[in-house]
Amino acid sequence: PRPTPTYTTNQTSAQVYLGVSRSSSSGAEYAYISTRDITAVSSDPSSAQRMYAYETQTVSSQLPGQSCTHFTSADGTPYLVVSSVLSVELFYFDGSVFRSRQKLAISYGQGIDVFVMGGSTFVAVSNFQSADQSTVVVASPIYKLVSGLLVSFQNITTTGAAAVKHFTFMNRDYLAFASYENDLASTRVSSPIYVFNQTLNAFVSFQTISTTGAVAIQSYVSGSTSL
């Protein structure tokens, strides 16, 4: 069974706790952990089993501004998407290691989010500023996974985007960007939310929220309200 995390972190030094159901079935579960010091603790003191976190592979990427996420495609292939300063790279798992399949140029990427919409897999990137660092008003791309490759789906103009998050509510797909600052270096800047328009086959503006130096996004549903 797939492990259910009870706590996750992206800190450079932290404890990570995972609730794992034991199974006699064969197979492998892959954990992608980006933290230096890891302590594995079992919630069952009587258990003789121990859980260890260990490095199985290293993939190279540029720093700073690195983020990484993984997903499994409809055909069951595991993928990694690594976003660094000037590129987003797609890796596929060949049964033993992750291998690079594609690298695309981006502009000071600060975050990525992978989501499924209409049965297809998409990757959204939050670009912070232009390649020449002259402006933070840039295009943040959305890619669609087609035959194992990322193809351009849509570009959304963002302002100092530090993070991007997809969420669904009432059977509709939304995409939110966290805006950190504008070209005047002011951190009082609106963060936009987009909704997918099926007729236009594109995300369109839905709402802007006044924020101050936003660097992350979290969404949740409470009853009939999405926050």
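Trainee: Which side chain does Glu89 meet in a salt bridge?
Mentor: Lys103 is the partner, with an N to O distance of 3.9 Å. Keep in mind that this is a predicted model.

Trainee: Is Glu89 buried or exposed?
Mentor: Buried, because its relative accessible area is 11% and the cut-off for buried is under 20%. Lys103 is exposed, at 55% relative accessibility.

Trainee: Why would two side chains pair like that at all?
Mentor: In general, side chains of opposite charge can pair when their charged atoms come close.

Trainee: How many salt bridges does the structure hold?
Mentor: There are 2. Asp94 and Arg99 also meet through their side chains, at 2.5 Å from N to O.

Trainee: OK, zooming out. How many helices and strands are there?
Mentor: You'll find 0 helices and 16 strands. The protein has 227 residues, and 38% of them count as buried.

Trainee: Now the inside. Which residues touch the most other members of the largest nonpolar core?
Mentor: Those are Phe71, Val81, Leu90, Val123, Tyr143 and Leu150, out of 14 residues in that core. The elements giving two or more residues to this core are β4 (78-83), β5 (87-93), β7 (109-117), β8 (120-127) and β9 (137-146). There's also a second, separate core of 13 residues, with Phe177 and Phe196 among them.

Trainee: Back to Leu90. What is it in contact with, leaving aside neighbours within four places in sequence?
Mentor: Quite a list, including Phe71, Tyr79, Val81, Arg99, Leu145 and Leu150. Arg99 is the residue that meets Asp94 in a salt bridge.

Trainee: Switching to loops. Where is Ser107?
Mentor: Ser107 is in the loop between β6 (98-105) and β7. Ser107 is buried, with a relative accessible area of 11%.

Trainee: What lies 3.1 Å from a polar atom of the Ser107 side chain?
Mentor: The backbone nitrogen of Ala131. Ser107 also touches Val85, Leu86, Asn127, Phe128, Gln129 and Ser130, not counting residues up to four places away in sequence.

Trainee: Which loop holds Ser147?
Mentor: The one between β9 and β10. Ser147 counts as exposed, at 75% relative accessibility.

Trainee: Last one. Which residues form a nonpolar patch on the surface?
Mentor: Val146, Leu149 and Val151, with about 200 Å² of accessible area together. Val151 is in strand β10 (residues 149-159), and Val151 counts as partly exposed, with 34% relative accessibility.

Terms used:
Residues are numbered from 1 along each chain as its sequence is written. This is a predicted model: local features need pLDDT of at least 70, side-chain atom pairs count only at pLDDT 80 or more; totals for chains, interfaces and linings use all residues. Side-chain values use heavy atoms; hydrogens and water are left out. Patches are made of residues with over 30% relative accessible area and no salt bridge: like charges are joined within 9 Å, nonpolar side chains (Val, Leu, Ile, Met, Phe, Trp, Tyr) within 5 Å. Accessible areas come from the Shrake-Rupley method with a 1.4 Å probe; for residues, only the protein chains shown count as cover. A salt bridge is a side-chain nitrogen of Lys or Arg within 4 Å of a carboxyl oxygen of Asp or Glu. Helices (H or I, at least four residues) and strands (E, at least two) are DSSP runs, numbered from the N terminus. Buried means under 20% relative accessible area, exposed over 50%, partly exposed in between (1.4 Å probe, protein chains only). A nonpolar core is a set of buried Ala, Val, Leu, Ile, Met, Phe, Trp, Tyr and Cys residues joined through side-chain atoms within 4.5 Å. Contact means heavy atoms within 4.5 Å. A polar contact is a pair of N or O atoms within 3.5 Å; within protein, one must be able to donate a hydrogen and the other to accept it, and residues adjacent in sequence count only if both atoms are side-chain atoms.
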